[in-house]
Structure formats: structure tokens, C-alpha cells
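Here is a short briefing to read alongside the sequence and the 3D view. Take it one topic at a time, and look for each part on screen as you go.

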Amino acid sequence: NAHASPSVRKFARELGADLSQMTGNGAKKRILKEDVKTWVKQALTQASQGGGLGVEAMPEIDFSQFGEIEIQQLTRINKLTGKFLHRNWLTVPHVTQFDEADITELEKFRKQLNEENQKQGIRVTVLVFLMIALVSALKEFPRFNSSLDHSGENLVLKQYINIGVAMDTPDGLVVPVIRDCDRKTLIELALELIETSKRARDKKLSPSDMSGGCITISSLGGIGGKAFTPIVNAPEVAILGVSRSSIQPVYKDGEFVPRLMLPLSLSYDHRVIDGADGARFTSFLGKILADTRRLVL
């Protein structure tokens, strides 16, 4: 047991300090009030540098000793996004469910739509279909359209559907929110995505444009990759990652046929959503995306 007087023990209890982790500087290594203060100051410093989870701060390294270097300052968006993602990664217990959807028929329909709306300058992307499919999925699985309250003891079920769309800009990642997706047509969503993407590139998004989301889509299909583990955009409880689609042989009716398959990576907060519902959610999405008729249901 730590050697300390009753008054020092009381002082430590009031500050939430652990006497067993301290080294006393009094007679016979007795812990003094000053030792408690020093320990608390060190703990606060470590918390500000290492996230407050007992993680040691990264050591300061002079990289120039290994070779030539260049210092590049992070953008304001990089800094804000980094802090936000770091907090989410540390505080949300992540699970990622991988799946794929057959979008062969969807792609044919999408190309047909774009041909019909070419003169109006309307371009419908796979992302728009994903938003429509997510509307159906959130209605089918309402826990995915929720947030934990501040206490972590209550679930806030939302009666609206706002979808965040992660967008890559020259200054970094931003996630504008498209509101009331359940009240908009496919063409309306396509037009709003075009307009929002332009505002993101032109740095004209306001904080209110990036708040109030229910679930986020992070699409890397235009760049490449087979799968990835997106970080939940808390206080949302799930995020859908989408990778590049590819033609794959699918066994159907006794033979292999070429089908266009879209990889899905769904990360979710395991405090709210269990593995079975995560798998049901991606299976439901795959069913919706495989049959464009179901998008209107």
C-alpha cells in the first residue's frame, strides 16, 4: 500500500488520483500533497497529447538526420478532420461488414437515364442509386438511423433521412449532408449532388451544410480498390464504403455468367448494431440494388 497521511489520501480521492502509481518524496517515501499535484499535472499533459487513454505521446523525432526532408503544413480541413476521425476511432467500437451487390441491370438503367437526360445536362451516378437504396434500408432497419445520446444510455431514433457524402477536395476530405433524401426523386438527388460537389470544390460549404447526417457514404469506386474499412462518422452509427465495381463470373442457373459486382464495406458502431443486423443490412442493400424495380418500393 502507498504511504500517505489521511488528508493526502482524501485529497487524492477528490482529484481521482491513483496513489499506487505515485512515488513519494517525503520521509520514508511518504506521498505528499505536492506529489499528488505533480502526478495530476503529468496525467493531464499526457491526456492532451495522447488522447487520454493511457497512450504514450509520439516521440519528437528529427527526421532530417536520416535524409533530406520538406515541411508541409496541414490544411485547416486536414487538422479538423484528423481530430474528428481520431476521436471516432478511439471511442467507437468498429466492426466492418463486407459484401457485394450485382448492379448489372442497374448500370444498364443508369446509362439509359443519362442518354435520356443528356440535353438537360443531368448525369446520374451509381452514388445516387446508393442513396435511394439507403433510404429503403434505413426504413427497414431503423437502428441504423439513430444516435446514442450524450449519456450513452438512450438511443435517439430519427424520423428524417439525411445522407452525408464524403467528397475529396484539393484541401482535404469534407462530408456535406444531403437532406430529406426520402422526399426527393432520383433526378432531384442527382442535381443536388452535382451542385453540392461544385460548392465543395469552391470552398463554399458552411458548417450547417455538413451537420445533421444520419448515415454517410464514402465512395472510392472512381479511384479503385476492392474493399476498405471506413471510420464511422459519429454521432452516426454506420458508414457505407463503396469500392470499384468489376465484371465477375457468377454461378447462375447451372453456368457462370458475367455480372457487374459492386463491393460494399459497411462499418458500424457495435454498441448499437450487432453483427447479424450488419449482415442483414448489406444483404438488403444488395437485393435492392440488384433489382431497380425495388428502388421505387
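Predicted model: local features only at pLDDT ≥ 70, side-chain atom pairs only at ≥ 80, totals over all residues.

Helices (H or I, at least four residues) and strands (E, at least two) are DSSP runs, numbered from the N terminus. Residues are numbered from 1 along each chain as its sequence is written, and side-chain values use heavy atoms, with hydrogens and water left out.

**The whole protein**

- The protein has seven helices and eleven strands.
- Its radius of gyration is 25 Å, well over the 19 Å that the globule rule gives for 297 residues, so the protein is more spread out than a compact globule. The radius is taken over C-alpha atoms, and the rule is 2.2 Å times the number of residues to the power 0.38.
- Taken along the principal axes, the box filled by the C-alpha atoms is roughly 85 × 50 × 40 Å.
- Of the 297 residues, 39% are buried. Buried means under 20% relative accessible area, exposed means over 50%, and partly exposed is in between (1.4 Å probe, protein chains only).
- The accessible surface comes to about 18400 Å², and 53% of that belongs to carbon and sulfur atoms. Such areas come from the Shrake-Rupley method with a 1.4 Å probe; for residues, only the protein chains shown count as cover.
- Contact means heavy atoms within 4.5 Å. Among contacts between residues at least 6 apart in sequence, 59% join residues at least 24 apart.
- There are 38 positive and 35 negative side chains, and the centres of the two sets lie 5 Å apart. Lys and Arg count as positive and Asp and Glu as negative, while His and the chain ends are not counted. The place of a charge is taken as NZ of Lys, CZ of Arg, CG of Asp or CD of Glu.

- The expected span of a helix is 1.5 Å times one less than its number of residues.
- For the 15 residues of α5, that span is 21 Å, and the end C-alpha atoms are 21 Å apart, which agrees.
- α5 is mostly covered, with twelve of its 15 residues buried. Among them are F129, M131, I132 and S136.
- Helix α7 covers residues 275-290, and its 16 residues reach 23 Å from first C-alpha to last, close to the expected 22 Å.
- The buried residues of α7 include G278, F281, F284 and L289.
- What covers the buried residues of α7? The cover includes helices α4 (104-116) and α5 (126-140), together with strands β1 (94-102), β8 (215-219), β9 (238-242) and β11 (255-269).

- V8 sits in helix α1 and counts as buried, at 8% relative accessibility.
- Leaving aside residues up to four places away in sequence, V8 touches I31, L32, K33 and V36.
- V8 and I31 are 23 residues apart along the chain, and their C-alpha atoms are separated by 7.7 Å.
- K28 lies in the loop between α1 (6-15) and α2 (33-50), and K29 is in the loop between α1 and α2 as well.
- Phi is near 55 degrees for K28, a positive value in a residue other than glycine. For K29, phi is near 60 degrees, again positive in a residue other than glycine.
- Are these lysines buried or exposed? K28 is exposed at 81% relative accessible area, and K29 is exposed at 64%.

**The loop between β8 and β9**

- P235 lies in this loop, and a cis peptide bond with omega of about 10 degrees joins A234 and P235.
- E236 is buried, with a relative accessible area of 6%.
- Not counting residues up to four places away in sequence, E236 touches S146, S147, G213, C214, I215 and T216.

**One more loop residue**

- S151 is found in the loop between β2 (146-148) and β3 (155-157), and at 45% relative accessibility it counts as partly exposed.
- S151 and S211 are 60 residues apart in sequence and 20 Å apart in space, C-alpha to C-alpha.
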